[in-house]
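Here is a friendly briefing to read beside the model. It goes from the sheet to the pocket and then to a few single residues.

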Amino acid sequence: MTDAILVLCTCPDEASADRICEQLLTGHLAACINQLPGLTSVYRWQGKIERSREIQLIIKSRSGLFEPLRQCILDHHPYEVPEILALPVSQGHQPYLDWLTQETS
């Protein structure tokens with residue numbers, strides 16, 4: 001097991017995705033972030049089924065940084081309740097994990 005995590009977060013547009021990425025990287029809260037455009041999310045919100053085009057962020061970080069990372073997303077995200085889900089990384093290529101640790105220290 002490593003202390004690396006993948007954090008998933010969807011954004012409504014490129015501007016908000018870019019803003020969150022910039023803040024996370026500047027603050028050394030993430031080592032790398034993938035932006036996957038063209039995602040369609042289908043969900044229930046306030047009693048209605050919604051369908052939205054979004055950008056999926058896949059954020060590479062460390063478990064010890066989750067709380068400040070979560071707060072940074074909340075500070076810069078336009079949604080009332082943004083998706084912020086952390087998934088543990090059980091194994092990985094050690095040089096990449098070392099780089100991730102170096103970039104988030």
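Strand β1 (residues 4–11) is joined to β4 by 4 bridges, and the two run antiparallel. Strands and helices here are DSSP runs numbered from the N terminus (strands E, at least two residues; helices H or I, at least four), and two strands pair if DSSP finds at least two bridges between them. Please keep in mind that this is a predicted model, where local features need pLDDT of at least 70, side-chain atom pairs count only at pLDDT 80 or more, and totals for chains, interfaces and linings use all residues. Residues are numbered from 1 along each chain as its sequence is written, and side-chain values use heavy atoms, with hydrogens and water left out.

**The sheet and its helix**

- In β4, alanine 86 is the bridge partner of valine 7, and proline 88 in β4 stands opposite isoleucine 5.
- β1 also pairs with β3, in the antiparallel sense, over 8 bridges; there, cysteine 9 stands opposite leucine 57 in β3.
- Taken as a whole, the open sheet has 4 strands in the order β2-β3-β1-β4, with antiparallel pairing.
- The edges are β2 (32–45) and β4 (85–88), each with a single partner strand, so one side of each has no neighbour in the sheet.
- From one strand to the next, the twist averages 30 degrees.
- Helix α1 (residues 14–26) packs on the sheet and touches β1, β2 and β3, and its direction makes about 130 degrees with that of β2. Axes for such angles are lines fitted to C-alpha atoms, for helices over the stretch in contact, and angles run from 0 to 180 degrees between N-to-C directions.
- Because 6 of the 8 residues of β1 are buried, this strand is largely enclosed by the rest of the structure. Buried means under 20% relative accessible area, exposed over 50%, and partly exposed in between (1.4 Å probe, protein chains only).

**The largest pocket**

- The largest pocket holds about 250 Å³ of space. A pocket is an open set of points, on a 1 Å grid over the protein atoms alone, where a 1.4 Å probe fits, with protein on both sides within 12 Å along at least five of seven lines; lining residues have an atom within 4 Å of a point.
- Its lining includes Thr10, Ser41, Tyr43, Trp45, Glu54 and Glu83.
- β2 gives the largest share of that lining, 3 residues.

- Serine 52 lies in strand β3 (residues 48–62) and counts as buried at 18% relative accessibility.
- The side chain of serine 52 makes a polar contact with the side chain of tyrosine 43 (2.9 Å). A polar contact is a pair of N or O atoms within 3.5 Å; within protein, one must be able to donate a hydrogen and the other to accept it, and residues adjacent in sequence count only if both atoms are side-chain atoms.
- Beyond its neighbours within four places in sequence, serine 52 is in contact (heavy atoms within 4.5 Å) with Leu39, Thr40, Ser41 and Tyr43.
- Leucine 39, in strand β2, counts as partly exposed at 26% relative accessibility.
- Leucine 39 and arginine 53 are 14 residues apart in sequence, yet 5.7 Å apart in space, C-alpha to C-alpha.
- Glutamine 56, in strand β3, is buried, with a relative accessible area of 13%.
- The side chain of glutamine 56 makes a polar contact with that of glutamate 83 (3.4 Å).
- Not counting residues up to four places away in sequence, glutamine 56 touches several residues, among them Cys9, Asn34 and Leu39.

Notes:
Points joined across faces, edges and corners; volume = space filled by probe spheres on them.
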